[in-house]
Structures are given as C-alpha cells and as structure tokens.
Amino acid sequence: MIIVDDTGTIRLVNAQTEALFGYGREELLGRTVDLLVPDRFRTHHSLHRSGYAENRQVRPMGAGLELHGLRKDGTEFPVEISLSPLETADGLLVSAAVRDVSDRKAAEERINELAALVESSQDAILAKTLDGHITYWNAAAQRLYGYSRAQVMGRHVSLLAPPDHGPEIDLLMDRLRNGERVEHFETLRVTRHGDLLDVDITLWPTRSPDGEVIGACAIVRDISDRKRAEAELTVLYEQQRHIALTLQRSLMGTPPAIPGLTTASRYRPATQGAGVGGDWFDLVPLGAGRVGILIGDVMGRGLEAAAVMGQLRSAAHALAKTGMQPRQLMQALDAAVTDLDVPDQLVTCCYLVIAADAGAVTICSAGHLPTLVATPGEGARALPAPVNAPLGVGDVLYQQCSAVIPPGATLVLYTDGLIETPGSDIEDQLSQLTSTLSDLFTTAPDLEAAADHVLTTLLPDADGHNDDVTLLLTRLPDAPLAAVALDLPAVPDSVPEGRAFLSKALTSWGCTTRDDDARLLLSEVLTNAVQHAQGPIGLHVCRTALDLTVEVGDHSPQLPQPRFAAEDDESGRGLILVRALADDWGVRPTDDGKTTWFTLHL
C-alpha cells in the first residue's frame with residue numbers, strides 16, 4: 001500500500017512495500033512515486049496520475065496496459081495497481097494497492113505457449129467431459145477426422161468410433177472416471193467420410209484444483225501406415241519362414257516307415273530367427289532285422305548350419321547303408337566335417353544299430369546327449385555309452401558299446417533344444433525328462449501321445465524356445481519267432497551240412513514254401529565263404545511272422561562284390577543268383593570279419 005498526495009509525493013507506505021521494492025521506509029517517504037516506476041513508463045505514469053485527479057473513483061490504474069514496478073536494485077517486475085481517492089483536510093490523497101503478478105504472468109505465458117503447442121501439434125488432441133462430450137478440438141483433429149471444430153463441439157465422442165465399438169468407448173470412459181491413465185491404446189476410428197483409421201490413443205483424466213476428476217484429454221495418432229507396413233512385414237516373414245521350413249524339411253528328409261518298428265518323432269523349429277537350424281534324425285533299414293537310428297545337431301543357427309546338416313545327414317545315411325559299425329561311421333563323419341572346412345563348426349551325433357534277433361543295441365555317441373531307455377514297469381534310465389568328442393574336433397578314436405535291451409523297451413533320442421533352456425540347469429532338465437518318461441512308462445503308452453506329453457512338459461511355452469527341438473521315440477521290435485545257429489569249419493563239406501541244417505529248421509517251423517530258394521542261396525553264400533574266407537563260419541537262421549533271414553559270418557574282412565561272369569567261367573554267378581532270388585540281401589563288416597545275409601518273404 002502506497003499513499004501519495006496530488007503531487008505524487010509518497011506520504012505513507014506499509015511493510016510489504018519495503019519488502020516488494022527493496023527500499024527502507026525512510027528512503028521512500030517524501031520522494032516522488034516515479035521512483036518506483038521504470039524510466040520508460042514515467043511520462044505515461046504522470047499522465048495517468050493527472051487523469052485520475054480529474055476523474056476520482058476506485059478503479060485499476062492503466063487498465064489494459066502492461067504495468068511494471070522498479071526495485072531499488074534496478075530489476076523490473078509486472079504489477080497490477082488499484083487506485084482509491086482519499087479526501088482529507090490537507091487535500092486529495094490517493095491510495096495505490098500494488099500487487100506483484102510475476103507468477104501469474106509466467107503462468108499465463110506458459111498456458112499460451114502450451115496452447116500454441118497443442119494447436120500446432122501434428123497429433124489430434126481433444127478434450128471431453130466425463131460423460132463423453134467434446135469440449136476441445138485442435139487443428140490436427142480436424143485434419144484427421146474431417147470434422148471442423150464447430151461440427152463436433154458438444155457432440156459425444158462415439159461419433160468418432162465405428163458402430164460396433166460402443167462398448168469400448170464406455171469402458172475407456174469408466175477407466176478415466178476412476179482416474180486411470182490409458183497409454184497407447186490401439187483401435188479403429190472412423191472419419192466424417194466413413195473411412196476407417198488405425199489409431200493409437202493416449203487418454204488421461206483432467207482434475208480440478210482439489211483433485212477431483214472433471215474431464216479427460218486424448219492424443220490420437222494415425223498409425224494406418226504403420227499397421228499396413230506391419231501387415232506386409234508379417235506376410236513377408238511368414239513367406240520367408242515357410243521357405244526356411246520347406247528347406248529344413250527337404251534337408252532333413254523323411255525317414256521311411258520300417259515294418260515292425262514303432263516310432264514317434266517331433267521337430268519344432270526355433271520360434272526366433274530364420275527358423276532353420278542344424279538338427280536332424282534318420283531311420284535307416286539295414287536288413288536282416290537290423291535298423292540304424294541317427295540323430296545329430298550342428299551347432300549354430302541359420303542357413304549355414306542347415307547346409308552342413310543336410311550334407312552330413314546325406315553322408316551319414318549313405319555310410320549307414322553300407323552296414324558299417326557305429327564307431328566306423330563316426331570316424332568317417334568326423335573326416336567329412338573336417339573336409340567341409342567350416343571354421344569352429346562342431347557337430348554332435350549319435351548312431352545306434354538295433355539288432356532285434358539278439359535284443360541288442362550298439363551305440364556310438366559323438367558328444368551327443370545321453371540316449372534314454374524307457375521300459376514299461378521299470379521307468380527310464382540312460383543307456384550306457386562311451387563319451388566321445390563331437391565331430392569336427394579331429395584325431396579322435398571313436399568307441400562304441402553294446403547293450404541288451406528287452407523287447408518292447410523304447411529308445412528316446414533328442415537334441416539339446418529340448419532340455420537346454422534359458423534360466424534352467426541342463427542337468428535339472430535332463431532329470432525332469434527322465435522323471436517324465438518314468439511316469440509315462442508305467443505301462444506301454446502310445447508313442448505319439450507320449451511324444452506330445454514330453455514336449456508339453458519340457459517346453460510349456462510352445463512359442464518361446466530359441467533353439468530347434470528334435471525328439472525321437474523308437475520302440476524295439478519283437479524278437480524273432482524262432483532262431484537257430486551253427487558253427488561250421490571252412491571246408492567243402494560244410495556246404496551240404498549247412499543246407500541240411502537249414503532244411504531241418506524250416507521243416508520244424510513249417511516254412512517249407514521257400515525251402516528250395518533258401519537252400520540254393522545258402523549254398524552260394526556258404527561256397528563263397530568256404531572258398532574265399534577264413535573259418536570258422538557261423539550260420540544263423542531266424543524267422544518272423546513275415547520273413548526268413550539267413551546270415552553267414554566269416555573271419556575275412558574282404559567284402560564280396562557281385563560281378564558278371566564270362567560264358568566259360570566256372571564261378572562268379574553266386575551273388576548274381578542271390579541278388580535275383582532274395583527279397584533283400586547285403587554284407588556288413590564286423591569286428592571279426594563280415595556277415596553276408598539274405599531275406600525271403602514267407
């Protein structure tokens with residue numbers, strides 16, 4: 001409060017004046033009030049003061065003008081001044097109430113700045129009441145929806161939503177009434193011309209000074225271009241994934257269905273990345289009741305791993321068909337990996353040969369995870385096998401071993417994608433797999449259902465695994481219905497003795513329909529063994545419900561080769577006869593030499 005006389009001389013001030021302007025009371029009294037006015041305003045101030053003396057009433061000074069005060073330190077600040085006349089015995093006095101409006105002016109400037117930003121925003125911004133009626137509409141909203149401000153003010157926001165989105169609007173308004181902020185809600189909106197827009201909406205409640213929710217604001221962004229791009233990328237990704245999976249399946253091949261061998265397999269490509277990897281498995285019919293089982297994993301992901309996998313699978317299949325033993329196959333594959341010259345490429349692989357007649361499994365593992373054996377009523381356990389280095393290490397002498405497996409038992413082979421998951425210990429996962437199989441094989445389960453159960457248990461998140469997953473369950477075939485064996489010396493008399501032994505067995509089994517063919521083929525094979533091999537000679541005959549298999553083993557590592565004999569040759573036609581008359585035949589190397597076999601369908 002500052003009181004001046006009609007000459008503008010300060011007569012009285014209060015303590016707030018001292019605090020506001022920085023002067024002491026004694027510095028102000030008797031001085032002209034122009035002391036408190038910036039130089040540039042003093043001329044106008046004198047005119048206003050003179051005008052007020054002629055028109056005395058309570059009113060603001062300088063209405064409509066920007067007024068400023070001047071502190072003792074020379075700084076200026078915006079003020080509002082209210083004038084009141086005071087008639088005294090000494091003449092007219094004027095009381096001036098001076099208010100510092102710096103905070104209010106700053107707030108107004110901030111509000112104007114924000115209003116300009118909102119109005120110039122490229123995003124549609126609107127405000128509405130709690131019952132959904134529009135109270136603000138910026139220029140971007142007009143561009144987005146096609147409605148002018150006059151066309152939408154006071155109308156309900158459901159005007160902007162497709163007819164079937166009414167419940168969505170109600171739900172959003174309920175959330176706003178509860179004071180909840182809604183971030184990046186993606187939905188559909190409709191323009192004045194009926195076009196649908198993909199939009200991203202952020203909504204928040206507006207509040208009164210006491211904190212009560214009184215309305216809501218929304219920022220709406222058109223994301224139609226982004227949605228179209230996402231849809232195109234999704235289509236492209238699915239096309240690429242389909243190509244990758246087609247390539248993967250082509251490289252993996254389709255294992256043949258082998259009569260008498262029950263299997264169930266599952267392959268799940270990684271859910272991230274290119275969708276191709278280095279997993280593979282294969283079933284190889286070896287004849288004479290034997291089946292080879294291959295499973296492998298090329299370390300790494302992508303096309304390079306898949307290409308290496310395809311080459312190794314083809315090589316492994318071809319090598320297995322020669323009848324070579326598992327350790328020999330691993331030795332050859334190790335050389336193949338080295339020849340591929342892929343830096344730092346490691347491959348794990350496991351090869352098993354099932355001999356149904358002996359109920360035996362021969363196994364060689366190159367750094368692969370343990371093969372499990374699940375036997376009904378006995379649970380699951382790891383199949384003992386020597387621990388060999390992965391393929392590609394080089395200079396490794398691979399070892400194999402054999403184990404007797406009861407008929408009806410199931411071999412379980414898998415790759416590390418099944419049990420090696422982020423955040424889990426591989427030993428714990430292997431224990432869980434073994435426990436899951438033990439629970440399943442209290443009886444003889446259906447293998448297809450068992451495979452599904454294992455995947456569901458070990459990989460509950462079907463879309464969250466970042467490595468290929470391969471699982472193969474193989475139930476050992478039943479043992480032959482009958483089998484007999486005989487050891488013979490490598491002398492000519494062994495040929496008729498062997499024929500007689502075979503005839504006796506066939507007669508006792510009631511299988512005389514192929515007796516002539518069987519005795520002829522045995523004569524040829526035995527003759528070759530007597531003439532070209534070393535004794536003793538082992539003769540093994542077995543039958544199943546469908547086939548008769550005859551095996552002749554000797555101690556010569558030299559494998560017989562079919563050849564075309566000249567007209568005057570007295571030999572060279574034996575294996576030609578075997579190939580012509582037998583339904584299947586072959587030669588496989590053994591540790592002691594080789595075994596030549598043939599099969600006849602009964």
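The model shown is predicted: local features need pLDDT of at least 70 and side-chain atom pairs count only at pLDDT 80 or more, while totals for chains, interfaces and linings use all residues. Residues are numbered from 1 along each chain as its sequence is written, and side-chain values use heavy atoms, with hydrogens and water left out.

The structure holds 0 disulfides. For Cys350, the closest cysteine sulfur is in Cys349 at 7.1 Å, which is too far for a bond. Looking from the other partner, the sulfur of Cys349 has Cys350 as its closest cysteine sulfur, again 7.1 Å away and too far for a bond. Cys349 is buried, with a relative accessible area of 0%, and Cys350 is also buried at 0%. Here buried means under 20% relative accessible area, exposed over 50%, and partly exposed in between (1.4 Å probe, protein chains only).

Met299 belongs to strand E14 (residues 290–301) and is partly exposed, at a relative accessible area of 35%. Helices (H or I, at least four residues) and strands (E, at least two) are DSSP runs, numbered from the N terminus.

**View C. Trp137 and Tyr145, an aromatic pair.**
The structure holds 2 aromatic pairs. One of them joins Trp137 and Tyr145 in a tilted arrangement, 5.6 Å centre to centre with 35° between the planes. Rings of Phe, Tyr and Trp (its six-membered ring) pair if their centres lie within 6.5 Å; planes under 30 degrees apart count as stacked, over 60 as edge-to-face and the rest as tilted. Trp137 and Tyr145 are both buried.

**View D. Arg149 over the ring of Tyr136.**
Have a look at the charged end of Arg149, which sits over the ring of Tyr136 at 5.9 Å from its centre. A charge sits over a ring if NZ of Lys or CZ of Arg is within 6 Å of the ring centre and within 35 degrees of the ring normal.

The structure holds 27 salt bridges, each being a side-chain nitrogen of Lys or Arg within 4 Å of a carboxyl oxygen of Asp or Glu. Among them is the one between Arg104 and Glu80 (2.4 Å, N to O). Arg104 is partly exposed at 37% relative accessibility, and Glu80 is partly exposed at 32%.

**View F. Arg519 and Asp516 within helix H14.**
The closest N and O atoms of the Arg519–Asp516 salt bridge are 3.2 Å apart. Both residues lie in helix H14 (residues 515–532), 3 residues apart, about one turn of the helix. Arg519 is partly exposed at 28% relative accessibility, whereas Asp516 is exposed at 56%.

Terms used:
Disulfide = S-S within 2.5 Å.
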